[in-house]
Amino acid sequence: MIDAHAERRLVRKIDLHVWPVLFVIYVLSFLDRINISNARIQGMTEELDLYGNRFNIALFIYFVPYILLEVPSNMVFRKTKPEYYLPFLMLSWAIINMCMGFVTTYQGLVVLRFFLGTFEAGILPAIIYLTSMYYKRHEFQTRMSFFFCSTVVGGAFGGLLAYAIANLDGRHGLAGWRWIFIIEGAATACIAIVSVFFIVDWPENCHFLTPEEKKLLELRLASDGAHSSARMDILNAYAYRRILTDWKVWLGAVVYMGVGITGYATTFFMPTILREFGWTAQEAQVHTIPVYVVSAVGMVSVAYISDWFKHRYAFIILGCSIATVGYGMLLCQDSLSSEAKYGAVFLVSLGGFICPPIALAWLANNVAGHWKRAFASAAQVALGNIAGIVAALVYRQEEAPRYPTGYGVSVGLMWLGAVAASLLFAGMLVENRMRDAGKRDGRLSRPKEEVDNMGDYHPSFRFTL
C-alpha cells in the first residue's frame, strides 16, 4: 500500500525539480524560433528584401531539418545524460540566433534558419519523453499544458521584448531588428550554460531523489498500469515491428499536425495581422500580449479539467470548435470592425493553443516502454510539425489583410486533426473493450522475451480516451 502523504510529497518534489528549468528552456526555444516575426515588422523586411514569398521560405526552411532530425535525436537522447545533451543543443542554437543579428543577405538568413532548425529539433520530443517517465498518465496532461504555456509566454514576452528593443535602433550602428536576435541569443547562451546544473537525469539515475523515493516512484508508476507488464526496454526486431506498425503513433501525429497549425500561424503572423488592423509596429507588438495571456489561462484550465475527468478527446473537439468560430469571423472580416477582428484573433489563439498539449499528452498516455515512448514522442512532433511548413507557406503577403488561403487551410487542417482524433478515440475504445473481454489474451502465449517487451501491446494495458 502506498502512503498517500508520502506520494503527494514525492510528486511536489518532482514538480519542483523537473519542470522549472525545462519551462525556461522551451520559452527560449520558442522565442528564438519566432523572433523573426517580430523582427519582420521592425525593419528586417526592407533591409534584407524579404518581399514576395521570401519571408515564407525563410520560415519554411527551418522545418526541414526540424522534422527530419527529431526521431534520430530522441534515439540518441535515450543513450545520453539529459543534463548534457539538452544544454549542448541550446548553446548551439543560441549562437546561430546571435549570428542572425549580423546577417546581411536573404541567402545568409535562410542558411542560418536551416541550422536553427537543426539544433532545436531534439528539444521538444526529448522533454516530452523525459518528463513522461516521472508521472502517472492522468497527472501528465495538466503538467504538459503548464509546460506548453511556455509557448504563449514566449510569444507574449517576444512581443514585449521586441517593443523594448526597438528603442535600441541605431545603437552601435545596428538596426533595432538586429538587436532582437543578438540580445535574445545571448540570453539563451547564458541559460544554456547554467542549465547543466538544473536539468534532471532519468528517474533511475537522478540525484534529487533518495533511494526510498526512487522505490516509491517505481511503485506508483507500476500501480498506474503503464509500467508493470507493459514494458519495452530492449530495442530489437520485435520492438521495431511493434513500434512501426502501431496505428496510434501515426494517428496521434496527424492529430498534432492538424491542431498544431493554429499555434504556428498565430506566432508567425499575429504581429503582421494585427498591424493590418491599423496599428503601428510597436502597437501591434503590445496587442499580442493579451491574446497570449488569455490563451495561457484557457489552456491550463482545460488541462486541469481533462486530467480530472481522465479524458482527452472531447477537449480537442472543444478547442477546434472555438478556433473555427474565430476563423469564420476572420474569413468574413470585411463587415467587421477592428475590435471584432481583434476578438476573433483571441478565439483562434485560444482554441488553437488548447489542443496541442492535449494531443501530445494523449499519445504519451497511450504508449508504454522506454523505446516506444522515445520513438512515439519524436515521431509525433516530427510529423506534426509539417503544420509549421504549411503555416509558413499559406499566409501570403499578396493576400493581406484578408488571408483567405491562410485562414481556410488552417481551419481545414484543424478539422483533419479532429477527424484523426475521432478515429483514435474510436479505435482505442474498441481495443479497451476487446481487452476487457479477454480477446487479446492470446498474445500472452508468445515467447517470454516478446511478452516482456510488448509495451502497450500487452493485454493488461488500458488506453486513455
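## Legends to close-up views

Figure 1. Arg33 is buried, with a relative accessibility of 1%; buried stands for under 20% relative accessible area, exposed for over 50%, and partly exposed for the range in between, using a 1.4 Å probe and protein chains only. The model is predicted: local features need a pLDDT of at least 70, side-chain atom pairs count only at pLDDT 80 or more, and totals for chains, interfaces and linings use all residues. Residues are numbered from 1 along each chain as its sequence is written, and side-chain values use heavy atoms, with hydrogens and water left out. Arg33 makes a salt bridge to Glu120, with 3.4 Å between the closest N and O atoms; a salt bridge is a side-chain nitrogen of Lys or Arg within 4 Å of a carboxyl oxygen of Asp or Glu. Arg33 belongs to helix H1 (residues 4-48) and Glu120 to helix H5 (residues 106-120), so the pair ties together parts 87 residues apart in sequence. Helices (H or I, at least four residues) and strands (E, at least two) are DSSP runs, numbered from the N terminus. Glu120 is also buried, at 0% relative accessibility. The salt-bridge rule gives a count of 24.

Figure 2. In the pair formed by Arg231 and Asp233, the closest N and O atoms are 2.6 Å apart. Arg231 is partly exposed, at a relative accessible area of 36%, and Asp233 is partly exposed at 36%. Asp307 and Arg312 form a salt bridge in which the closest N and O atoms are 3.0 Å apart. Here Asp307 is buried at 9% relative accessibility, and Arg312 is buried at 0%.

**Figure 3. The salt-bridge network around Arg220.** Salt bridges link Glu7, Lys136, Glu139 and Arg220 in a network. Arg220 sits in helix H9 (residues 211-223) and is buried, with 1% relative accessibility. Its side chain has a polar contact of 2.9 Å with that of Glu7, and another of 2.4 Å with that of Glu139. A polar contact is a pair of N or O atoms within 3.5 Å; within protein, one atom must be able to donate a hydrogen and the other to accept it, and residues adjacent in sequence count only if both atoms are side-chain atoms. With neighbours within four places in sequence left aside, Arg220 is in contact (heavy atoms within 4.5 Å) with Ile2, Glu7, Leu10, Val11, Tyr134, Lys136 and Glu139.

**Figure 4. Gly159 in helix H7.** Gly159 is placed in helix H7 (140-165) and is buried, at 0% relative accessibility. Apart from neighbours within four places in sequence, Gly159 is in contact with Asn38, Gln285 and Thr288. The C-alpha atoms of Gly159 and Thr267 are 10.0 Å apart, while the two residues are 108 residues apart in sequence.

**Figure 5. Helix H2 and its buried residues.** Helix H2 covers residues 54-68, 15 residues in all; at 1.5 Å a residue it should span 21 Å, and its end C-alpha atoms are 22 Å apart, which agrees. The expected span is 1.5 Å times one less than the number of residues. The buried residues of H2 are Phe55, Asn56, Ala58, Leu59, Ile61, Tyr62, Phe63, Pro65, Tyr66 and Ile67.

**Figure 6. A nonpolar surface patch.** Leu91, Ile95, Ile193, Val194, Phe197 and Phe198 make a nonpolar surface patch of about 620 Å². Patches consist of residues with over 30% relative accessible area and no salt bridge; like charges are joined within 9 Å, and nonpolar side chains (Val, Leu, Ile, Met, Phe, Trp, Tyr) within 5 Å. Accessible areas come from the Shrake-Rupley method with a 1.4 Å probe, and for residues only the protein chains shown count as cover. Helix H4 (82-100) and H8 each supply at least two residues of the patch. Ile95 is in helix H4 and is partly exposed, with a relative accessible area of 43%.

Figure 7. Most residues other than glycine have a negative phi. His172, which is not a glycine, has a positive phi of about 55°. His172 is in the loop between helix H7 (140-165) and helix H8 (176-195), and is exposed at 75% relative accessibility. Lys310, not a glycine either, also has a positive phi of about 55°. Lys310 is in the loop between helix H12 (281-309) and helix H13 (313-331).
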